Amino acid sequence: MKPEIELHRVYDHAGVAPGRYRVLVDRLWPRGVRREDLTYDAWPKVLAPSPELRRWFGHRPERWTEFHERYAAELKGDAQRQGLSALLHDAGDRPITLLYGAKDPDHNHALVLRDALLRTARHSS
């Protein structure tokens, strides 16, 4: 079964529909957001890009293609594959919302993570 996965910027998170499994996908807590103001169900830091890759990318669109490839490769590690499966298991039948802090909706790691989750779900069904 293909899970429903949407992406939502943390700073706009008030618009997330109730009943969704909300997952914070950044390794670092989002700047300017108080912990009590962000509702989330899971924060699997193991699924975020490595600190080295995150720093290298620096949200520079010209590095997007290489970042996408390198991050997808990181998500094939044992701990990351287990994390992907665990996230899908924990979400159950609920639709998933990936919460991210990046400003650019077209060049951020949540897009790559969504693809990896969909691939994982496809291979486990």
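1. The buried residues of helix 2 (64-74) are W64, F67, Y71 and A72, where buried means under 20% relative accessible area, exposed over 50% and partly exposed in between, with a 1.4 Å probe and protein chains only. Seen down the axis of helix 2, these buried residues fall within an arc of 125°, so they line one face of the helix; the arc is that of the directions from the helix axis to the C-beta atoms. On the other side of helix 2, T65 and E69 are exposed. Helix 1 and helix 4 are among the parts that cover the buried residues of helix 2, contact being taken as heavy atoms within 4.5 Å. Helices (H or I, at least four residues) and strands (E, at least two) are DSSP runs, numbered from the N terminus.

2. A word on the basis of these points. This is a predicted model, in which local features need pLDDT of at least 70 and side-chain atom pairs count only at pLDDT 80 or more, while totals for chains, interfaces and linings use all residues. Residues are numbered from 1 along each chain as its sequence is written, and side-chain values use heavy atoms, with hydrogens and water left out.

3. The structure holds seven aromatic pairs; rings of Phe, Tyr and Trp (its six-membered ring) pair if their centres lie within 6.5 Å, and planes under 30 degrees apart count as stacked, over 60 as edge-to-face and the rest as tilted. The rings of W64 and F67 have centres 5.9 Å apart and planes at 35°, so this pair is tilted. W64 and F67 are three residues apart in helix 2 and are therefore separated by about one helical turn. An α-helix has 3.6 residues a turn, so residues three or four places apart point the same way.

4. The charged end of R35 sits over the ring of W29, 4.3 Å from its centre, and R70 lies over the face of W56, at 4.3 Å from the ring centre.

5. The largest nonpolar core has 29 residues, of which V23, I96, L98, L113 and L117 touch the most other members; a nonpolar core is a set of buried Ala, Val, Leu, Ile, Met, Phe, Trp, Tyr and Cys residues joined through side-chain atoms within 4.5 Å. Two or more residues come from each of strand 2 (21-24), helix 1 (51-57), helix 2 (64-74), helix 3 (78-91), strand 3 (96-100) and helix 4 (109-124), and helix 4 gives the most, with eight residues. A second, separate core of seven residues includes L24, W29, V33 and L99.

6. Not counting residues up to four places away in sequence, L98 touches I5, E6, L7, H8, V23, V25, A110, L113, R114 and L117. I96 lies in strand 3 and, at 1% relative accessibility, counts as buried. Leaving aside neighbours within four places in sequence, I96 is in contact with P3, E4, I5, E6, R20, Y21, V23, L87, L88 and A91.

7. A search of the whole structure finds eight salt bridges, each a side-chain nitrogen of Lys or Arg within 4 Å of a carboxyl oxygen of Asp or Glu. R20 forms one with E6, the closest N and O atoms being 3.5 Å apart. R20 lies in the loop between strand 1 (5-9) and strand 2 and E6 in strand 1, so the pair ties together parts that are 14 residues apart in sequence. R20 counts as buried at 7% relative accessibility, whereas E6, at 27%, is partly exposed. E4, E6 and R20 are linked in a network of salt bridges.

8. The side chains of R22 and D41 also meet in a salt bridge (3.6 Å, N to O). Since R22 lies in strand 2 and D41 in the loop between strand 2 and helix 1, the pair ties together parts that are 19 residues apart in sequence. R22 is buried, with a relative accessible area of 17%, while D41 counts as partly exposed at 36%. E36 forms a salt bridge with R34, with 3.3 Å between the closest N and O atoms, and E36 counts as exposed at 57% relative accessibility.

Methods: A charge sits over a ring if NZ of Lys or CZ of Arg is within 6 Å of the ring centre and within 35 degrees of the ring normal.
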